[in-house]
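Please consult the structure alongside the text.

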Amino acid sequence: MIGLVFWSGVALVLYVYAGYPLLALALSRLHGRGRPPVRQDLPTVTLIVAAYNEEAVIGRKIAECLALDYPADRLDVIVAADGSNDATAHIARSFGDGRVTVMHRPERRGKMAAIERAAAAASGEILVFSDANNRYAPDAVRRLVARFTEGVGMVTGRKTVETADGLGYSEGLYWRYESAIRSAETRLGICVAWNGEILSVRRDLFEPAPRGFVNDDAWIAVQVLSGGHRIVYEPAAVSIETVSSTAAEERERRTRMFAGIWQMYAPSFVRSLPWRRPGALFALVSHKMLRPLVALGFVAIAGATVAALVDPPDAAGASAFWALAAPWNLAAAAGQAMVYGAAVVGPRIGGRFARIAYVPRFLLDANIAALAGLRRQLQGGQSVTWTKATRSEPAGTPS
């Protein structure tokens, strides 16, 4: 029994982190369609910026939106500043540009409610959703809309993290890993990934999430897939943001995110899955829905290892390996101790080893956040409103 629990956990972790990505990459090489075709015309676009108490960055954000490499008469901006009690709405209105609409209600009902109100007022054929604290490369919107050919309902861009050390280094490495998976899925026509800060959708396909659903972008994406449309990942459409200012704020951000991911197991979300599209459903389960379960896989591995040390299974010969009997229980314990030790101690040492150690630290933090998110969800769910994390100051204009 101990061996079954241990190897089940190992199988889950390996499949999610390596098995499915390698399978997607291999299939895309053998059966991929190549890059999707490019749309030649330039549709009208409404860029919706969700901005709660963003007075420090909203001025720069609007200026960058208006300066994007896209025809001025085909791009307008809506700043959804509902709930803001600082100068966000005032600064946005001060632009005096007819292309900028500011929507502000004093009551705070969460990001999804603000986005829903903005989307209802939008006139563009394509809706592009952005946060206030990320920055777009000048051609990001042009790159996004170029992929809206027949059958494509949503296009998402590439998220990059600005800093190269510490949290930024490990998170940046993660997003490069994610980019490779999403590119492979796009070539297979089963992309199921999205980045909420650089996300575009046909206006007539936009469907707001139910009240209380935290990951609005996940809900919108699944509705697009279930409606028979494709999602395309466009890595040339770049969004840049910085990591949270402190590790504590980063942990809270991840916990909130995972609390929302656990909502994918809610009956309303399960009913909306693309059941008639087995390829997309397989990718969605493998790429998205199994991710939070990895944390439980690590718990199973650690728990089985401790149990095997306390009361070693009675096994002999070749079966000792699968039963986790001695000496394999000691090897399993030593391996985990090395990984977790590197995650905890490595970043404090400095030098090249610290940089390598940030990878297991990133994974450890992510899975702790997944467990914290599960606890929060079981205790009543993540509120649709939260205290936003502060971000380190961005460096220059993305290019």
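In this predicted model, Tyr174 has a relative accessible area of 23% and is therefore partly exposed. Tyr177 falls into the partly exposed class as well, with a relative accessible area of 28%. Both residues belong to helix α6, which spans residues 166-188.

**The pair Tyr174 and Tyr177**

- Tyr174 and Tyr177 are 3 residues apart in helix α6, so about one helical turn separates them.
- By the pairing rule, the chain holds 15 aromatic pairs.
- The ring centres of Tyr174 and Tyr177 lie 6.3 Å apart, and the cut-off for a pair is 6.5 Å.
- The planes of these two rings meet at 40 degrees, so the pair counts as tilted; stacked would require under 30 degrees and edge-to-face over 60.

**Other aromatic arrangements**

- One aromatic cluster is formed by Phe6, Trp7, Phe321, Trp322 and Trp328.
- Lys61 sits over the face of Tyr136, at 4.5 Å from the ring centre.
- Lys288 is placed over the face of Trp194, at 4.7 Å from the ring centre.

**The chain as a whole**

- The secondary structure consists of 14 helices and 8 strands.
- The chain has 399 residues, and 50% of them count as buried.
- Among contacts with a separation of 6 or more, 80% are between residues 24 or more positions apart.

Technical notes
Residues numbered from 1 in each chain as written. Predicted model: local features only at pLDDT ≥ 70, side-chain atom pairs only at ≥ 80, totals over all residues. Heavy atoms only, no water. Helix = DSSP H or I, 4+ residues; strand = E, 2+ residues; numbered from the N terminus. Buried < 20%, exposed > 50% of the residue type's maximum accessible area, 1.4 Å probe, protein only. Contact = heavy atoms within 4.5 Å. Phe/Tyr/Trp six-rings, centres within 6.5 Å; stacked < 30°, edge-to-face > 60°. Lys NZ or Arg CZ within 6 Å of the ring centre and 35° of its normal.
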